[in-house]
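Student: I would like to learn how to read the features of a structure one at a time. Can we start with charged side chains?

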Amino acid sequence: IMENKAKKDENLRKKLDKTGENLWKELYKESNGSPLALNHILGLMRLRRTLSVKGALELLRGGSGNEDILKFVFREAEKELDESDNAALTALALFEPSAPYDALQEVSALSRNALNMSLDRLDALSLLADAGEDRYALHPLTSRYAKEFLEEADEIKQRFAAYWLSYAERYGGSSHNYATFPKLDAEWKNLQKTLDNYWEQTAFNGEAVGNSNALRFINRLLDALRVYFYYSRWDELIQWSTRAYEALHATGDWRNAGEWAFDVAWVYVNRVETKSADRWAERCATAWEQAGIKKAKAAHLRGLIAKLKGWYDPAESFYQRALATYQKANDDENISIILYELGNLEQERENYPAAEKHLLQSLVLAKKVKRVDGQASILNKLSRLAIKRGNWKSAREWVEKSSPLAELTGMQDEIALNKYHMMKIHEYDGNLVLALSLAREALVAFERLRISDEDLEETRELIVRLEGKLK
């Protein structure tokens with residue numbers, strides 16, 4: 001450790017060269033054998049031009065007493081920090097697990113020159129951990145002490161929240177932003193921390209909200225993350241939509257409460273958890289009735305649940321009601337969605353020509369409104385339809401068109417379903433090794449997302465069957 005530090009600083013190298021290895025060992029011993037504490041004390045020696053090895057030993061022996069050695073050395077390092085350094089340190093304590101440079105600059109409110117100088121000083125004091133290119137972080141133990149700065153750092157905390165809200169709105173939002181969703185994945189821990197911080201600030205006790213401004217912030221941030229959650233984070237979609245619904249319901253914001261209830265119900269529909277889907281659909285409909293609005297989305301949701309229960313005629317009635325509303329409004333995007341649902345319904349009824357007609361009409365509109373995610377889903381259903389009809393050539397063609405679009409958007413459910421369809425195609429073609437590999441990949445995704453019991457069980461059965469054949 002000492003040799004590496006000495007290579008970076010000529011003054012420190014000279015100080016260490018003046019002493020023998022015995023004093024080096026004593027310094028390590030007085031640091032309680034902690035590499036981090038030793039790094040911190042060497043950092044102090046780099047910045048305090050007159051602090052020698054003997055001086056560092058005296059500092060450790062005379063000052064720490066019963067105090068945690070790391071905390072003591074951190075407190076000594078703190079004495080070397082100016083106002084800009086403290087701003088950078090406090091900002092760094094907020095990020096999980098690390099801070100991109102641009103985010104750190106905005107949250108600390110420092111100029112590039114001031115921030116660079118502060119980062120150099122923090123690094124010299126060995127307060128920074130290696131976090132990769134253009135990213136900065138505190139050592140976990142150092143961060144624990146630095147978090148004490150946050151108690152009186154309201155402005156920095158507000159800038160942190162504002163930065164991540166802006167980030168989510170820039171890279172999240174609508175399905176058309178699917179290409180930037182990986183940026184949300186990359187910073188999920190920072191976004192999650194922002195959500196956690198503001199949820200705590202709402203002071204929601206199950207019956208009343210203590211801070212309506214915090215709740216408005218939560219609603220806005222979640223709205224920016226909603227489609228991203230739909231694509232890849234169903235557990236988080238349930239968790240945060242449930243919280244938002246309960247808090248907004250308590251404040252009488254029925255419109256937004258209904259939207260979040262819809263999202264929870266949608267996940268349960270896709271997980272074939274009928275009772276939960278039913279309960280949340282009722283909450284959705286009740287909230288919108290309280291708001292004095294009749295949403296076609298509510299009819300759509302009722303149709304999904306009726307189909308789930310095998311009530312095909314009521315499901316069609318609900319879908320047709322939603323379709324009429326969207327057609328009257330010339331809403332091609334939602335017309336495409338309802339035609340997709342009607343195609344699914346006709347597949348369940350085994351009315352395959354009608355299913356194909358609805359799905360192809362849906363595909364035309366999805367292309368018209370440039371919904372890449374919609375196209376991936378529709379092509380996937382066309383592949384499933386072809387498999388049911390025994391048209392394996394068409395099934396392959398459809399899935400090969402769907403797969404790149406699903407991968408492009410990052411829609412984990414569609415990626416898994418494409419693998420599910422390809423495993424069946426490979427089994428039919430006699431490519432058992434490929435079929436088994438895809439089945440295993442699909443199973444992992446199905447179990448994580450908890451998609452459709454039927455597909456999940458069929459995949460498990462296929463794996464057992466193929467493993468038996470390939471022994």
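Student: How many salt bridges are there, and what counts as one?

Tutor: A salt bridge is a side-chain nitrogen of Lys or Arg within 4 Å of a carboxyl oxygen of Asp or Glu. By this rule the count is 33 salt bridges. This is a predicted model, in which local features need pLDDT of at least 70 and side-chain atom pairs count only at pLDDT 80 or more, while totals for chains, interfaces and linings use all residues. Residues are numbered from 1 along each chain as its sequence is written, and side-chain values use heavy atoms, with hydrogens and water left out.

Student: Which residue meets Glu169 in a salt bridge, and where do the two sit?

Tutor: Helices (H or I, at least four residues) and strands (E, at least two) are DSSP runs, numbered from the N terminus. Glu169 pairs with Arg220, at 2.6 Å from N to O. Glu169 belongs to helix H11 (residues 154–171) and Arg220 to helix H14 (residues 212–232), so the pair links distant parts of the chain, 51 residues apart.

Student: Which residue forms a salt bridge with Arg450?

Tutor: Asp235 does, with the closest N and O atoms 3.8 Å apart. This pair also links distant parts of the chain: Arg450 is in the loop between helix H25 (432–449) and helix H26 (453–469), Asp235 is in helix H15 (residues 234–251), and they are 215 residues apart. Arg450 is partly exposed at 40% relative accessible area, and Asp235 is partly exposed at 39%.

Student: What about Arg396 and Asp429?

Tutor: Their side chains meet in a salt bridge of 2.8 Å, N to O. Arg396 lies in helix H23 (residues 392–409) and Asp429 in helix H24 (residues 412–429), 33 residues apart. Arg396 has 24% relative accessibility and counts as partly exposed; Asp429, at 41%, also counts as partly exposed. Salt bridges can share partners as well, and in this way Asp313, Glu316, Glu346 and Arg349 are joined into one network.

Student: How do I read the packing of two helices, and at what angle do H15 and H16 cross?

Tutor: Axes are lines fitted to C-alpha atoms, for helices over the stretch in contact, and angles run from 0 to 180 degrees between N-to-C directions. The axes of H15 and helix H16 (residues 254–270) come within 8 Å and cross at roughly 150°. Angles under 35 degrees count as roughly parallel, over 145 as roughly antiparallel, 65 to 115 as roughly perpendicular and the rest as oblique. H15 and H16 are therefore roughly antiparallel to each other.

Student: Is the crossing of H15 and H16 left-handed or right-handed, and which residues meet?

Tutor: A crossing is left-handed if the near helix is turned anticlockwise from the far one by less than a right angle, and right-handed if clockwise. The crossing of H15 and H16 is left-handed. Contact means heavy atoms within 4.5 Å. On the H15 side the residues include Trp234, Leu237 and Tyr245, and on the H16 side they include Trp254, Trp260 and Trp266.

Student: In what order do the strands lie in the sheet?

Tutor: Strands of a sheet pair through backbone hydrogen bonds, either parallel or antiparallel. Two strands pair if DSSP finds at least two bridges between them. Here 3 strands form an open sheet in the order E1-E3-E2, with antiparallel pairing. Strand E1 (99–100) and strand E2 (128–129) are the edge strands, each pairing on one side only. E1 is joined to strand E3 (residues 135–138) by 2 bridges, and Ala99 stands opposite Tyr136 in E3.

Student: Which backbone angles deserve a look?

Tutor: Most residues other than glycine have a negative phi, and most peptide bonds are trans. The peptide bond from Glu96 to Pro97 is cis, with omega near -10°; Pro97 is in the loop between helix H7 (83–92) and E1. Ala109 is not a glycine but has a positive phi of about 60°, and it lies in the loop between helix H8 (101–108) and helix H9 (112–124). Lys370 likewise has a positive phi of about 60°. Lys370 is in the loop between helix H21 (352–368) and helix H22 (372–388), and is exposed at 62% relative accessible area.

Key
Buried means under 20% relative accessible area, exposed over 50%, partly exposed in between (1.4 Å probe, protein chains only).
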